[in-house]
Amino acid sequence: MYKAVALIPARSGSKRIKDKNILKINGHPLLAYTIKAAIQCKLFNKVICVTDSKKYAKIAKKYGAEVPLLRPKSISHEKSPDIEWVTWIMKILNKKDNYDIFSILRPTSPFR
């Protein structure tokens, strides 16, 4: 059986819309809808929020995601490519478990 992990990137510091990943829609932060979808689909062994913010991490945990570590600022810039944070988090996760599959689920697409 394959082990799959959902990776939800939620970097703070959006330039155009401040804190867009935690803006409330219908009473819940944007991030919550992606976490809920990942958990409810039952395809993933873990749902991980990859964030550089303690505030975002607290919200992600409240809605059921795990946040093993905060994403380093060095790979949390507006132009940081996904491969940087994906490589970083997969190295951390694979120290405990080996994942065969990962999927990036962006919080800015809440109506899956």
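1. A strand here is a DSSP run of E with at least two residues, a helix is a run of H or I with at least four, and both are numbered from the N terminus. The model is a predicted one.

2. Start with the overall layout. The protein has three helices and five strands. Read from the N terminus, the elements follow the order β-β-β-α-β-α-α-β. The radius of gyration is 13 Å, close to the 13 Å that the globule rule gives for 112 residues, so the protein is as compact as a globular protein of that length. Along the principal axes, the C-alpha atoms fill a box of roughly 40 × 30 × 20 Å.

3. Next, surface and interior. Of the 112 residues, 41% are buried. The accessible surface is about 7100 Å², and carbon and sulfur atoms account for 55% of it. Take the contacts between residues at least 6 apart in sequence: 65% of them join residues at least 24 apart.

4. Helix H2, residues 54–62, deserves a close look. Its buried residues are Tyr56, Ala57, Ile59 and Ala60. Viewed down the axis of H2, these residues fall within an arc of 165°, so they line one face of the helix. The other side of H2 carries exposed lysines: Lys54, Lys55, Lys58 and Lys62.

5. What covers the buried residues of H2? The cover includes strand S3 (28–29), helix H1 (30–40) and strand S4 (46–50).

6. Both ends of H2 have a detail to check. At its start, a side-chain oxygen of Ser53 comes to within 3.2 Å of the backbone nitrogen of Lys55. After H2 comes Gly64, with a positive phi near 110°.

7. The largest nonpolar core holds 16 residues. Those with the most contacts inside this core are Ile8, Leu31, Ile35, Val47, Cys49, Ala60 and Ala65. S1, H1, S4 and H2 each supply at least two of the core's residues. H2 gives the most, with four residues.

8. Setting aside neighbours within four places in sequence, Ala60 contacts Leu31, Ile35, Cys49, Ala65 and Val67. There is also a second, separate core of twelve residues, which includes Val5, Ile48, Val86 and Tyr99.

9. Is Ser12 buried or exposed? Its relative accessibility is 18%, and the cut-off for buried is under 20%, so Ser12 counts as buried. Beyond residues up to four places away in sequence, Ser12 touches Asp52, Ser53 and Tyr56. Tyr56 is one of the buried residues of H2, and Ser53 is the residue whose side-chain oxygen reaches towards Lys55 at the start of that helix.

10. Asn21 is in the loop between S1 and S2 as well. At 5% relative accessibility, Asn21 is buried. Which residues does Asn21 touch, not counting those up to four places away in sequence? They are Ala10, Arg11, Pro29, Leu30, Leu31, Tyr56, Pro107 and Thr108. Among them, Leu31 belongs to the residues with the most contacts inside the largest core.

11. Ile17 is placed in the loop between S1 and S2 too. Its relative accessible area is 46%, which makes Ile17 partly exposed. How far apart are Ile17 and Ile101 in space? The C-alpha to C-alpha distance is 31 Å, with 84 residues of separation in sequence.

12. Two residues call for a backbone check. Asp19 has a positive phi near 55°, though it is a residue other than glycine. Asp19 is in the loop between S1 and S2 and, at 21% relative accessibility, counts as partly exposed. Asn26 is not a glycine either, and its phi is positive at about 55°. Asn26 is exposed, with a relative accessible area of 71%.

Notes. Residues numbered from 1 in each chain as written. Predicted model: local features only at pLDDT ≥ 70, side-chain atom pairs only at ≥ 80, totals over all residues. Heavy atoms only, no water. Buried < 20%, exposed > 50% of the residue type's maximum accessible area, 1.4 Å probe, protein only. Contact = heavy atoms within 4.5 Å. Arc of directions from axis to C-beta. Polar contact = N/O pair within 3.5 Å; in protein donor to acceptor, adjacent residues only side chain to side chain. Core = buried A, V, L, I, M, F, W, Y, C linked by side-chain atoms within 4.5 Å. Rg over C-alpha atoms; globule rule 2.2 N^0.38 Å. Areas by Shrake-Rupley, 256 points an atom, 1.4 Å probe, with all protein chains shown as cover.
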